[in-house]
Amino acid sequence: MPKTIYIPDTLRNWPWQRAVNPNYEICKAESAAWAESFGAFSPKAQKAFNKCDFNLLASMAFSKLNKDGCRVGCDLMNLFFVFDEWSDVSDAVETRKLADIIMDALRNPHKPRPQDEWVGGEVTRQYWANAIRTATPSAQRRFVNAFDGYTASVVQQSADRDQNHIRTIESYFDVRRDTIGAKPSFAVNELHMNIPDYVMENEVIKRLHAGCIDMLCIGNDLCSYNVEQARGDDLHNLVTIVMHQLQLDVQGAFDWIGKLHDQLVDKFLDDYRKVVARYVDDLGNWVRANDQWSFESQRYFGKDGLRVLSERTIEQLPKQGYSSVKPDKQGVGILSDFEDYAGRVFKGTRTAAWALGLMASVGAVVLLY
(Lines give C-alpha, C1' and ligand atoms only; values in the text may rest on other atoms or scores of the structure.)
Protein backbone atom coordinates (compact mmCIF):
# COMPACT_ATOMS: atom_id res chain seq x y z
CA MET A 1 0.00 0.00 0.00
CA PRO A 2 1.29 3.50 -0.85
CA LYS A 3 2.32 5.62 2.13
CA THR A 4 -0.07 8.45 3.01
CA ILE A 5 1.52 11.88 3.55
CA TYR A 6 -0.22 14.80 5.22
CA ILE A 7 0.62 18.21 3.73
CA PRO A 8 0.60 20.91 6.45
CA ASP A 9 -2.02 23.64 5.96
CA THR A 10 0.57 26.38 5.88
CA LEU A 11 -1.84 29.20 4.94
CA ARG A 12 -4.63 28.46 7.40
CA ASN A 13 -4.18 31.93 8.93
CA TRP A 14 -3.04 33.80 5.80
CA PRO A 15 -5.16 36.96 5.30
CA TRP A 16 -4.77 37.20 1.50
CA GLN A 17 -7.53 35.38 -0.38
CA ARG A 18 -7.66 33.97 -3.88
CA ALA A 19 -7.81 36.65 -6.60
CA VAL A 20 -7.53 36.36 -10.39
CA ASN A 21 -6.75 39.06 -12.90
CA PRO A 22 -9.89 39.85 -14.97
CA ASN A 23 -7.75 39.58 -18.12
CA TYR A 24 -6.82 35.96 -17.36
CA GLU A 25 -8.69 34.24 -20.19
CA ILE A 26 -7.58 36.55 -22.99
CA CYS A 27 -3.98 36.74 -21.77
CA LYS A 28 -3.87 32.96 -21.38
CA ALA A 29 -5.01 32.47 -24.98
CA GLU A 30 -2.57 35.05 -26.36
CA SER A 31 0.40 33.86 -24.32
CA ALA A 32 -0.23 30.18 -25.08
CA ALA A 33 -0.43 30.91 -28.82
CA TRP A 34 2.80 32.93 -28.61
CA ALA A 35 4.65 30.18 -26.76
CA GLU A 36 3.46 27.42 -29.06
CA SER A 37 4.49 29.43 -32.14
CA PHE A 38 8.16 28.62 -31.43
CA GLY A 39 7.59 24.86 -31.77
CA ALA A 40 10.06 24.28 -28.96
CA PHE A 41 8.50 21.02 -27.75
CA SER A 42 6.69 17.99 -29.04
CA PRO A 43 2.87 18.25 -29.18
CA LYS A 44 2.55 15.89 -26.23
CA ALA A 45 5.03 17.82 -24.10
CA GLN A 46 3.23 21.05 -24.99
CA LYS A 47 -0.09 19.49 -24.00
CA ALA A 48 1.41 18.44 -20.67
CA PHE A 49 2.68 21.96 -20.10
CA ASN A 50 -0.74 23.43 -20.91
CA LYS A 51 -2.31 21.28 -18.19
CA CYS A 52 -0.09 23.03 -15.65
CA ASP A 53 -1.79 26.33 -16.56
CA PHE A 54 1.06 28.60 -15.54
CA ASN A 55 -1.05 31.42 -16.95
CA LEU A 56 -3.41 30.89 -14.01
CA LEU A 57 -0.49 31.29 -11.63
CA ALA A 58 0.54 34.51 -13.36
CA SER A 59 -3.01 35.84 -13.35
CA MET A 60 -3.31 35.14 -9.63
CA ALA A 61 0.09 36.55 -8.76
CA PHE A 62 -0.37 39.64 -10.93
CA SER A 63 -4.05 40.06 -10.19
CA LYS A 64 -3.89 43.87 -10.01
CA LEU A 65 -1.95 44.56 -13.20
CA ASN A 66 -3.68 45.79 -16.36
CA LYS A 67 -3.93 43.65 -19.48
CA ASP A 68 -0.43 44.54 -20.68
CA GLY A 69 1.01 43.62 -17.30
CA CYS A 70 -0.96 40.39 -17.05
CA ARG A 71 0.29 39.37 -20.50
CA VAL A 72 3.90 40.09 -19.50
CA GLY A 73 3.36 37.91 -16.42
CA CYS A 74 1.90 35.04 -18.44
CA ASP A 75 4.72 35.24 -20.98
CA LEU A 76 7.26 35.15 -18.14
CA MET A 77 5.88 31.80 -16.99
CA ASN A 78 6.42 30.45 -20.51
CA LEU A 79 9.97 31.80 -20.55
CA PHE A 80 10.69 30.13 -17.22
CA PHE A 81 9.41 26.84 -18.59
CA VAL A 82 11.58 26.95 -21.73
CA PHE A 83 14.75 27.52 -19.72
CA ASP A 84 13.93 25.05 -16.97
CA GLU A 85 12.80 22.34 -19.36
CA TRP A 86 16.20 22.40 -21.03
CA SER A 87 18.36 23.10 -17.98
CA ASP A 88 16.72 20.22 -16.08
CA VAL A 89 18.35 17.78 -18.51
CA SER A 90 21.63 19.64 -19.09
CA ASP A 91 24.92 19.58 -17.25
CA ALA A 92 26.35 22.76 -15.72
CA VAL A 93 28.46 23.62 -18.76
CA GLU A 94 25.55 23.42 -21.15
CA THR A 95 23.22 25.23 -18.73
CA ARG A 96 25.76 28.07 -18.51
CA LYS A 97 25.62 28.41 -22.31
CA LEU A 98 21.81 28.59 -22.19
CA ALA A 99 21.97 31.19 -19.43
CA ASP A 100 24.40 33.32 -21.43
CA ILE A 101 22.08 33.25 -24.44
CA ILE A 102 19.14 34.35 -22.30
CA MET A 103 21.02 37.21 -20.68
CA ASP A 104 22.38 38.43 -24.02
CA ALA A 105 18.85 38.49 -25.41
CA LEU A 106 17.58 40.40 -22.35
CA ARG A 107 20.32 43.00 -22.67
CA ASN A 108 19.90 43.31 -26.44
CA PRO A 109 16.17 42.87 -27.17
CA HIS A 110 16.38 44.58 -30.55
CA LYS A 111 19.33 42.54 -31.84
CA PRO A 112 18.36 39.65 -34.18
CA ARG A 113 19.31 36.26 -32.76
CA PRO A 114 21.60 33.87 -34.70
CA GLN A 115 19.65 31.49 -36.94
CA ASP A 116 21.19 28.33 -35.48
CA GLU A 117 20.85 29.43 -31.84
CA TRP A 118 18.87 27.63 -29.14
CA VAL A 119 15.22 28.70 -29.35
CA GLY A 120 15.31 30.19 -25.85
CA GLY A 121 17.25 33.17 -27.16
CA GLU A 122 14.44 34.29 -29.46
CA VAL A 123 11.78 33.51 -26.85
CA THR A 124 13.62 35.77 -24.41
CA ARG A 125 14.19 38.52 -26.97
CA GLN A 126 10.53 38.68 -27.95
CA TYR A 127 9.41 38.50 -24.32
CA TRP A 128 11.54 41.42 -23.24
CA ALA A 129 10.89 43.53 -26.33
CA ASN A 130 7.20 43.39 -25.47
CA ALA A 131 7.69 43.94 -21.73
CA ILE A 132 9.80 47.09 -22.05
CA ARG A 133 7.09 48.80 -24.07
CA THR A 134 5.27 49.61 -20.82
CA ALA A 135 7.74 48.77 -18.03
CA THR A 136 9.26 51.63 -16.02
CA PRO A 137 13.05 52.08 -16.11
CA SER A 138 13.42 50.99 -12.48
CA ALA A 139 11.38 47.83 -13.07
CA GLN A 140 13.41 47.03 -16.19
CA ARG A 141 16.70 47.38 -14.34
CA ARG A 142 15.60 45.26 -11.41
CA PHE A 143 14.17 42.57 -13.69
CA VAL A 144 17.40 42.17 -15.71
CA ASN A 145 19.53 42.08 -12.56
CA ALA A 146 17.20 39.57 -10.91
CA PHE A 147 17.05 37.35 -13.98
CA ASP A 148 20.83 37.28 -14.12
CA GLY A 149 20.86 35.98 -10.54
CA TYR A 150 18.14 33.47 -11.40
CA THR A 151 19.98 32.00 -14.41
CA ALA A 152 23.23 31.79 -12.42
CA SER A 153 21.45 29.86 -9.67
CA VAL A 154 20.01 27.41 -12.20
CA VAL A 155 23.56 26.78 -13.42
CA GLN A 156 24.50 26.02 -9.80
CA GLN A 157 21.52 23.67 -9.52
CA SER A 158 22.77 21.80 -12.60
CA ALA A 159 26.23 21.54 -11.03
CA ASP A 160 24.71 20.13 -7.84
CA ARG A 161 22.79 17.59 -9.89
CA ASP A 162 25.93 16.61 -11.84
CA GLN A 163 27.63 15.80 -8.53
CA ASN A 164 24.56 14.30 -6.77
CA HIS A 165 25.21 16.95 -4.14
CA ILE A 166 22.70 17.26 -1.28
CA ARG A 167 23.00 20.66 0.39
CA THR A 168 22.47 21.62 4.00
CA ILE A 169 19.22 23.40 4.84
CA GLU A 170 20.99 26.77 5.04
CA SER A 171 22.99 26.43 1.83
CA TYR A 172 19.94 25.06 0.05
CA PHE A 173 17.94 28.18 0.84
CA ASP A 174 20.88 30.28 -0.40
CA VAL A 175 20.47 28.76 -3.87
CA ARG A 176 16.72 28.08 -3.82
CA ARG A 177 15.85 31.72 -3.14
CA ASP A 178 17.09 32.39 -6.67
CA THR A 179 16.17 29.20 -8.54
CA ILE A 180 12.50 29.63 -7.64
CA GLY A 181 12.39 32.68 -9.91
CA ALA A 182 10.59 34.91 -7.41
CA LYS A 183 12.90 37.91 -7.69
CA PRO A 184 12.33 38.57 -11.42
CA SER A 185 8.66 37.82 -10.85
CA PHE A 186 8.47 40.50 -8.17
CA ALA A 187 9.95 42.94 -10.69
CA VAL A 188 6.88 42.31 -12.86
CA ASN A 189 4.67 43.30 -9.92
CA GLU A 190 6.35 46.71 -10.04
CA LEU A 191 6.21 46.80 -13.85
CA HIS A 192 4.31 50.10 -13.95
CA MET A 193 5.67 51.57 -10.70
CA ASN A 194 8.65 53.85 -10.17
CA ILE A 195 9.91 52.56 -6.83
CA PRO A 196 13.12 54.29 -5.66
CA ASP A 197 16.07 52.18 -4.61
CA TYR A 198 15.97 53.53 -1.07
CA VAL A 199 12.50 52.00 -0.64
CA MET A 200 13.67 48.58 -1.78
CA GLU A 201 16.70 48.86 0.51
CA ASN A 202 14.57 49.54 3.58
CA GLU A 203 15.24 46.81 6.16
CA VAL A 204 11.56 46.02 6.69
CA ILE A 205 10.95 45.72 2.94
CA LYS A 206 13.99 43.46 2.60
CA ARG A 207 12.71 41.20 5.39
CA LEU A 208 9.28 41.01 3.75
CA HIS A 209 10.95 40.17 0.45
CA ALA A 210 13.01 37.40 2.02
CA GLY A 211 10.10 35.99 4.02
CA CYS A 212 7.86 35.88 0.98
CA ILE A 213 10.50 34.08 -1.07
CA ASP A 214 11.12 31.50 1.66
CA MET A 215 7.39 30.80 1.92
CA LEU A 216 7.20 30.36 -1.85
CA CYS A 217 10.13 27.94 -1.71
CA ILE A 218 8.47 25.92 1.04
CA GLY A 219 5.06 25.91 -0.61
CA ASN A 220 6.48 24.78 -3.92
CA ASP A 221 8.69 22.08 -2.40
CA LEU A 222 5.91 20.59 -0.27
CA CYS A 223 3.65 20.27 -3.29
CA SER A 224 6.28 19.18 -5.80
CA TYR A 225 8.15 16.68 -3.62
CA ASN A 226 6.05 13.63 -4.49
CA VAL A 227 6.36 13.97 -8.25
CA GLU A 228 10.04 14.85 -7.99
CA GLN A 229 10.96 11.90 -5.78
CA ALA A 230 8.98 9.61 -8.07
CA ARG A 231 11.12 10.54 -11.05
CA GLY A 232 14.36 10.63 -9.03
CA ASP A 233 14.84 14.39 -9.29
CA ASP A 234 14.34 15.49 -5.68
CA LEU A 235 17.85 16.53 -4.57
CA HIS A 236 16.87 20.18 -5.05
CA ASN A 237 13.86 19.94 -2.76
CA LEU A 238 13.65 21.02 0.88
CA VAL A 239 11.89 17.81 1.94
CA THR A 240 14.85 15.71 0.80
CA ILE A 241 17.31 18.17 2.37
CA VAL A 242 15.52 18.07 5.75
CA MET A 243 15.18 14.28 5.69
CA HIS A 244 18.89 13.93 4.98
CA GLN A 245 20.21 16.52 7.46
CA LEU A 246 17.83 15.91 10.37
CA GLN A 247 17.41 12.16 9.80
CA LEU A 248 13.63 12.36 9.55
CA ASP A 249 11.15 10.28 7.57
CA VAL A 250 8.96 11.89 4.91
CA GLN A 251 6.13 12.88 7.25
CA GLY A 252 8.58 14.13 9.85
CA ALA A 253 10.19 16.37 7.23
CA PHE A 254 6.80 17.71 6.08
CA ASP A 255 5.86 18.49 9.69
CA TRP A 256 9.20 20.20 10.43
CA ILE A 257 8.89 22.34 7.30
CA GLY A 258 5.30 23.20 8.20
CA LYS A 259 6.47 24.59 11.55
CA LEU A 260 9.19 26.59 9.81
CA HIS A 261 6.54 28.08 7.52
CA ASP A 262 4.42 29.02 10.56
CA GLN A 263 7.36 31.02 11.92
CA LEU A 264 7.78 32.79 8.58
CA VAL A 265 4.07 33.68 8.51
CA ASP A 266 4.28 35.26 11.96
CA LYS A 267 7.35 37.31 11.03
CA PHE A 268 5.88 38.43 7.70
CA LEU A 269 2.58 39.58 9.22
CA ASP A 270 4.41 41.41 12.00
CA ASP A 271 6.52 43.34 9.49
CA TYR A 272 3.55 43.89 7.17
CA ARG A 273 1.81 45.88 9.90
CA LYS A 274 4.70 48.37 9.81
CA VAL A 275 4.23 49.40 6.17
CA VAL A 276 1.40 50.41 3.87
CA ALA A 277 2.23 49.90 0.22
CA ARG A 278 0.67 48.14 -2.73
CA TYR A 279 3.97 46.47 -3.60
CA VAL A 280 4.13 44.80 -0.19
CA ASP A 281 0.50 43.77 -0.50
CA ASP A 282 1.46 42.11 -3.79
CA LEU A 283 4.08 40.04 -1.94
CA GLY A 284 1.40 38.70 0.38
CA ASN A 285 -0.78 37.91 -2.60
CA TRP A 286 2.09 35.98 -4.23
CA VAL A 287 2.14 33.50 -1.36
CA ARG A 288 -1.59 32.83 -1.73
CA ALA A 289 -1.40 32.67 -5.53
CA ASN A 290 1.43 30.13 -5.52
CA ASP A 291 -0.35 27.91 -3.00
CA GLN A 292 -3.74 28.08 -4.71
CA TRP A 293 -2.34 27.39 -8.16
CA SER A 294 -0.44 24.37 -6.86
CA PHE A 295 -3.76 22.68 -6.13
CA GLU A 296 -5.96 24.14 -8.89
CA SER A 297 -3.63 23.28 -11.76
CA GLN A 298 -2.81 19.69 -12.67
CA ARG A 299 0.93 20.15 -12.17
CA TYR A 300 1.43 18.28 -8.90
CA PHE A 301 -1.81 16.45 -8.14
CA GLY A 302 -3.42 15.85 -11.53
CA LYS A 303 -7.20 16.12 -11.33
CA ASP A 304 -7.13 15.41 -7.60
CA GLY A 305 -5.84 18.84 -6.58
CA LEU A 306 -9.01 20.27 -5.04
CA ARG A 307 -9.45 17.17 -2.90
CA VAL A 308 -5.85 17.43 -1.72
CA LEU A 309 -6.41 21.12 -0.96
CA SER A 310 -9.33 20.18 1.26
CA GLU A 311 -8.11 16.94 2.86
CA ARG A 312 -4.33 17.66 2.74
CA THR A 313 -3.39 14.02 2.12
CA ILE A 314 -1.51 12.35 -0.74
CA GLU A 315 -0.19 8.85 -1.31
CA GLN A 316 3.54 8.57 -1.92
CA LEU A 317 4.31 7.48 -5.45
CA PRO A 318 6.78 4.71 -6.30
CA LYS A 319 9.96 5.86 -7.99
CA GLN A 320 9.91 5.88 -11.76
CA GLY A 321 13.45 7.15 -12.28
CA TYR A 322 15.02 10.24 -13.78
CA SER A 323 15.49 10.82 -17.50
CA SER A 324 18.02 13.03 -19.23
CA VAL A 325 16.22 12.94 -22.60
CA LYS A 326 16.13 16.36 -24.24
CA PRO A 327 12.78 18.20 -24.13
CA ASP A 328 11.83 17.69 -27.77
CA LYS A 329 11.75 13.94 -27.11
CA GLN A 330 11.05 13.97 -23.39
CA GLY A 331 7.43 14.89 -23.90
CA VAL A 332 6.84 11.63 -25.75
CA GLY A 333 8.99 9.23 -23.75
CA ILE A 334 8.48 10.01 -20.09
CA LEU A 335 4.87 11.05 -20.40
CA SER A 336 3.66 7.90 -22.06
CA ASP A 337 5.90 5.66 -19.96
CA PHE A 338 4.81 7.20 -16.68
CA GLU A 339 1.15 7.21 -17.68
CA ASP A 340 1.33 3.49 -18.34
CA TYR A 341 3.38 2.83 -15.19
CA ALA A 342 1.11 4.83 -12.88
CA GLY A 343 -1.95 3.17 -14.35
CA ARG A 344 -0.56 -0.27 -13.62
CA VAL A 345 0.71 0.47 -10.11
CA PHE A 346 -2.36 2.34 -8.88
CA LYS A 347 -5.03 0.57 -10.88
CA GLY A 348 -8.39 0.81 -9.15
CA THR A 349 -7.21 3.21 -6.42
CA ARG A 350 -8.10 6.82 -5.65
CA THR A 351 -4.47 7.73 -6.40
CA ALA A 352 -4.72 6.62 -10.02
CA ALA A 353 -6.37 9.80 -11.28
CA TRP A 354 -3.73 12.18 -10.06
CA ALA A 355 -0.86 9.74 -10.61
CA LEU A 356 -1.80 9.78 -14.27
CA GLY A 357 -1.94 13.54 -13.98
CA LEU A 358 1.77 13.58 -13.27
CA MET A 359 2.29 13.79 -17.01
CA ALA A 360 1.66 17.47 -16.43
CA SER A 361 4.75 17.75 -14.27
CA VAL A 362 7.36 16.60 -16.80
CA GLY A 363 10.21 19.07 -17.07
CA ALA A 364 9.57 20.61 -13.65
CA VAL A 365 9.72 24.33 -13.85
CA VAL A 366 11.02 25.75 -10.60
CA LEU A 367 8.36 28.80 -9.72
CA LEU A 368 6.99 30.16 -9.37
CA TYR A 369 6.41 29.23 -8.81
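At 26% relative accessibility, Y272 counts as partly exposed. This value, like the others here, comes from a predicted model. The partner of Y272 is W16, and the two rings form an edge-to-face pair, with 4.9 Å between centres and 70 degrees between planes. W16 sits in the loop between strand 1 (4–6) and helix 1 (24–36), while Y272 belongs to helix 13, so the pair ties together parts that are 256 residues apart in sequence. In contrast to the partly exposed Y272, W16 counts as buried, at 8% relative accessibility.

The structure as a whole holds 26 aromatic pairs. Another of them joins W14 and W16: the ring centres are 5.0 Å apart and the planes meet at 40 degrees, so this pair is tilted. W14 and W16 are both buried. W16 therefore takes part in a tilted pair with W14 and in an edge-to-face pair with Y272.

## Aromatic cluster

One aromatic cluster is formed by F41, F49, F54, F81, W293, F295, Y300 and F301.

## Overall composition

The protein has 369 residues, of which 61% are buried. Its secondary structure consists of 17 helices and two strands. Among contacts with a separation of 6 or more, 80% are between residues 24 or more positions apart. The exposed surface comes to about 14800 Å², and carbon and sulfur atoms supply 52% of that area.

A search of the whole structure gives 30 salt bridges. One of them connects R107 and D148, whose closest N and O atoms are 3.3 Å apart. R107 is in helix 5 (residues 92–107) and D148 in helix 7 (residues 137–162), so this bridge ties together parts that are 41 residues apart in sequence. Both ends are partly exposed: R107 has a relative accessible area of 49%, and D148 has 29%.

D271 and R207 form another salt bridge, with 2.9 Å between the closest N and O atoms. This pair links distant parts of the chain, since D271 lies in helix 13 (residues 250–272) and R207 in helix 11, 64 residues apart.

## Salt bridges within a helix and in a network

Helix 11 (residues 203–230) also contains E203 and K206, which are three residues apart and thus separated by about one helical turn. Their side chains form a salt bridge in which the closest N and O atoms are 3.5 Å apart. E203 is partly exposed at 48% relative accessibility, and K206 is partly exposed as well, with a relative accessible area of 40%.

Elsewhere, a network of salt bridges links E30, K67, R71 and D75.

Leaving aside residues up to four places away in sequence, R142 touches A187, E190, I195, P196, D197 and M200. D148, by comparison, is partly exposed at 29%.

Note on methods
Residues numbered from 1 in each chain as written. Heavy atoms only, no water. Helix = DSSP H or I, 4+ residues; strand = E, 2+ residues; numbered from the N terminus. Buried < 20%, exposed > 50% of the residue type's maximum accessible area, 1.4 Å probe, protein only. Contact = heavy atoms within 4.5 Å. Areas by Shrake-Rupley, 256 points an atom, 1.4 Å probe, with all protein chains shown as cover. Salt bridge = Lys/Arg side-chain N within 4 Å of Asp/Glu carboxyl O. Phe/Tyr/Trp six-rings, centres within 6.5 Å; stacked < 30°, edge-to-face > 60°.
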